[in-house]
Amino acid sequence: MTSAITCQNVRVGYGPLNVLRGVSFDIPVGQGVVLLGANGCGKSTLMRSLNGLEKLQSGKIIIHGASLTDATRRDLRQIRRGMGYVFQQFNLVPQLSAFQNVLLGAMGRHRLGILACLGLTAPAGERARAMACLERVGMADRARHRPTELSGGQQQRVAIARMLMQAPKVVIADEPIASLDPKAGREVLDLLWQIVREEGLSMLCTLHQLDLAQEYADRIIGMKAGRVEIDAAIADTDMTQMNALYSGMTRVDAQPTGEAA
Ligand SMILES: Nc1ncnc2c1ncn2[C@@H]1O[C@H](COP(=O)(O)OP(=O)(O)OP(=O)(O)O)[C@@H](O)[C@H]1O
Ligand SMILES: [Mg+2]
């Protein structure tokens, strides 16, 4: 079994605050995992750590066999190229069209310059790929629209097309439907999971809706106050267990600080 993401006893903190308090798990290639946990329990910190954006106090993170901890800057660029991020706030460039935003996804892969990403000098192959990615998410007819001319659900589709353009191996989706209504949210989850399955990708996706987690996830990882409380296949997880993630001391900043915490 090949691993997509491995965390070994990962610890991350900010000053005196210990946020990740020894997080370990292993996600095999092809698995779609939902990460659950209350506000402030450390989910986004974990997701940033997977991209090398947080300095580990200790522990190890390995992405597709490459250790982040021992990575040179060049290695880190290579690892980051293989990771696609989807965020709650879509993070599209407001001045650019949907098409240009998608072209940006190719920037790291081909070292395309900014002019190319504006579509001015992009190779025909890349332009065709960007259109194909927009088609894949049902947004080809909005290619010329700017983000402000699109609904939240449509913007998230464009962000997913940009992620597809990047051709990642691993998808990190941090609350991808938190800004969307229930119908648009479901459509985005359908799309994300469909892409993960069809492309053989691996995904770690945070959600706050337990029913959707049950419906979509292959596996649940549940965090509470910086630690993994649940790590189980979806068939082995029940609502009582999941609900318990949201009771008692859930936030890391409500816990005592220091190494013992
Ligand atoms: N850059 C930072 N500097 C200091 N503290 C931080 C920083 N980033 C996060 N924290 C703290 O770390 C803790 C965990 O935050 P994090 O954003 O990882 O939680 P989360 O589980 O993603 O919450 P939510 O569900 O609200 O998104 C919080 O107490 C937060 O205040
Ligand atoms: Mg968060």
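**Ligand shell and sheet in a predicted model**

The shell around ligand 1 comprises 5 nonpolar, 6 polar and 3 charged residues, in a model that is predicted.

User: Which helix gives the most to the shell around ligand 1?
Analyst: The ligand is surrounded by 14 residues, with Tyr 14, Asn 39, Lys 43, Ser 44 and Thr 45 the closest. Two elements, strand 2 (17–28) and helix 1 (43–49), each supply at least two residues of this shell. The greatest contribution, 3 residues, comes from helix 1.

User: What is the order of the strands in the open sheet of 4 strands?
Analyst: Strand 1 (residues 3–14) is joined to strand 2 by 9 bridges, and strand 1 also pairs with strand 4 over 5 bridges. Strand 4 (residues 58–63) in turn pairs with strand 5 over 2 bridges. With antiparallel pairing, the order is 2-1-4-5.

User: Which strands stand at the edges, each with a single partner strand?
Analyst: The sheet is open, with the order 2-1-4-5. One side of each edge strand is left without a neighbour in the sheet, because each has a single partner; these are strand 2 and strand 5 (66–67).

User: Which residue in the turn of the hairpin formed by strand 1 and strand 2 has a positive phi?
Analyst: Strand 1 and strand 2 run antiparallel, and Gly 13 has Asn 18 of strand 2 as its bridge partner. The hairpin has 2 residues between its strands. The residue in the turn with a positive phi, about 55 degrees, is Gly 15.

User: What is the bridge partner of Ile 62 in strand 5?
Analyst: Strand 4 and strand 5 pair in the antiparallel sense. Across this pairing, the partner of Ile 62 is Ser 67.

Terms used
Residues are numbered from 1 along each chain as its sequence is written. Chains are lettered from A and ligands numbered from 1 in the order in which they are written. This is a predicted model: local features need pLDDT of at least 70, side-chain atom pairs count only at pLDDT 80 or more; totals for chains, interfaces and linings use all residues. A residue is near a molecule or strand if its C-beta atom, placed from the backbone, lies within 6 Å of it. Ala, Val, Leu, Ile, Met, Phe, Trp, Tyr, Cys and Pro count as nonpolar, Asp, Glu, Lys and Arg as charged, and the others, Gly among them, as polar. Two strands pair if DSSP finds at least two bridges between them.
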